[in-house]
Amino acid sequence: MDIEKLKRAGAIAKEVVAYARGMVKKGMPLLEIADKIESKIRELKANPAFPVNLSINEIAAHATPSANDETRASGLLKIDIGVHIDGYVADTAFSLDLEGDEENKRLIAAAEEALKHGVKEINIGTPLKKIGKAIESAIKSYNVQPIQNLSGHSIEQYDLHSGITIPNYDNHQETEIAQGVYAIEPFATSGLGEVKDGKPSGIYHLEKPGNVRDSFAREVLAFIEEEYATLPFCSRWIHHKFGSRGLIALKRIEEAGLLHHYSQLVEKSGKKVAQAEHTVLLTKKEKIVTTL
Ligand code: MN
Ligand code: MN
């Protein structure tokens with residue numbers, strides 16, 4: 001584990017969050033927001049660990065603009081940013097109320113308060129249920145609900161979701177936290193507290209090695225392997241590099257069964273969702289919130 005790279009990725013993510021907080025305004029095209037955030041990451045000498053997620057209102061996560069997207073920022077906007085240096089990832093998110101709306105504000109306050117409690121509770125030896133319980137009670141103290149089927153996660157090099165899930169409610173799991181890197185990410189909703197799959201997001205990751213017959217699709221596949229390895233990427237990035245034939249090639253690669261295509265995640269009862277997220281590094285010597 002390269003602790004220096006993890007810390008640097010975290011510091012860059014923090015800087016990009018500050019930049020995004022100042023830059024994003026109601027009515028801006030999501031495409032412009034995504035391009036600016038991802039360009040800022042590259043300007044700071046790192047790479048996006050995944051396409052910036054810009055999810056509005058009842059869409060909890062896994063939304064990113066497509067190349068021809070015309071959606072504009074509005075409502076309760078979640079901005080989820082990933083930064084990596086040689087596969088060492090920082091994962092952080094925040095929510096913006098673009099309407100001056102009381103419900104939005106309450107949901108955001110609940111998610112942020114829950115994040116504070118989650119970050120405080122996570123230590124080597126803490127049982128998972130204890131972290132979940134702290135997050136759940138913080139959210140419920142705002143009279144809103146945690147989303148139970150979204151969770152934090154362990155992170156390893158080039159592996160964004162590497163096995164351990166950090167619950168956003170008391171799931172009675174006794175498993176204890178070990179050394180490692182963890183993302184804590186509470187989601188608060190005024191709905192029932194569950195998400196379902198929505199539309200295809202245009203976000204993918206390479207699932208298994210394989211081949212495609214079409215020679216241009218092979219070129220695109222080689223680019224994906226080289227550029228993103230196993231980390232998520234999106235159709236917008238492929239369009240940016242290869243133009244619209246890139247999107248056709250991407251479809252061929254998907255049809256060959258080599259990709260996982262993420263769905264948007266939508267709150268089941270159609271109610272609004274807020275998110276907050278930090279990445280925590282736990283070693284025997286230290287505990288560092290890399291993105292704070
Ligand atoms: Mn995230
Ligand atoms: Mn995450």
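This is a predicted model: local features need pLDDT of at least 70, side-chain atom pairs count only at pLDDT 80 or more; totals for chains, interfaces and linings use all residues.

Modeller: Zoom out a bit and you get an open sheet of three strands, ordered β5-β9-β13, with antiparallel pairing. β5 (145–146) and β13 (273–275) are the edge strands, each pairing on one side only. As background, strands of a sheet pair through backbone hydrogen bonds, either parallel or antiparallel.

Now for another bit of strand pairing, around β12. Strand β12 (residues 259–267) pairs with β10 in the antiparallel sense over seven bridges. Within that pairing, Val-195 has Glu-267 in β12 as its bridge partner. β12 also pairs with β2, again in the antiparallel sense, over two bridges. There, Ile-59 stands opposite Val-266 in β12.

That leads on to the domains. The protein is divided into domain 1 (3–197 + 266–289) and domain 2 (199–264). The contact between them takes 27 residues from domain 1 and 14 residues from domain 2. Taken over C-alpha atoms, the centres of the two domains are 25 Å apart. Together, domain 1 and domain 2 bury about 1500 Å² between them, and 63% of that is on carbon and sulfur atoms. On the domain 1 side, the residues losing the most area to domain 2 are Pro-51, His-62 and Tyr-158, which together account for 34% of what that side buries.

If you care about the electrostatics, the rule finds two salt bridges across the interface of domain 1 and domain 2. Elsewhere on the list of charged pairs, Arg-236 forms a salt bridge with Glu-38, with the closest N and O atoms 2.8 Å apart. The interface of domain 1 and domain 2 also has six residue pairs in polar contact, both residues being at pLDDT 80 or more. On the side of domain 1 that touches domain 2, at least two residues each come from α2 (30–43), β1 (47–56), β2 (59–61) and β10 (195–206). β1 gives the most to that side, with six residues. Sorted by type, the residues on that side of domain 1 come out as 16 nonpolar, five polar and six charged.

Since α2 turned up there, have a look at the helix itself. Glu-32 and Lys-36 both lie in α2, four residues apart, or about one turn of the helix. Their side chains meet in a salt bridge, 2.8 Å from N to O. For the whole structure, the count of salt bridges is 17.

One last stop is a loop. Glu-174 lies in the loop between β7 (165–166) and β8 (180–184). Leaving aside its neighbours within four places in sequence, Glu-174 is in contact with Pro-127 and Lys-129. With Lys-129, the side chain of Glu-174 makes a polar contact of 3.0 Å. For a sense of scale, Glu-174 and Pro-29 are 145 residues apart in sequence and 45 Å apart in space, going from C-alpha to C-alpha.

Technical notes. Residues are numbered from 1 along each chain as its sequence is written. Chains are lettered from A and ligands numbered from 1 in the order in which they are written. Side-chain values use heavy atoms; hydrogens and water are left out. Domain bounds come from an automatic or database domain assignment. Contact means heavy atoms within 4.5 Å. Buried area is the accessible area (1.4 Å probe) that two parts lose on being put together, summed over both. A salt bridge is a side-chain nitrogen of Lys or Arg within 4 Å of a carboxyl oxygen of Asp or Glu. A polar contact is a pair of N or O atoms within 3.5 Å; within protein, one must be able to donate a hydrogen and the other to accept it, and residues adjacent in sequence count only if both atoms are side-chain atoms. Ala, Val, Leu, Ile, Met, Phe, Trp, Tyr, Cys and Pro count as nonpolar, Asp, Glu, Lys and Arg as charged, and the others, Gly among them, as polar. Two strands pair if DSSP finds at least two bridges between them.
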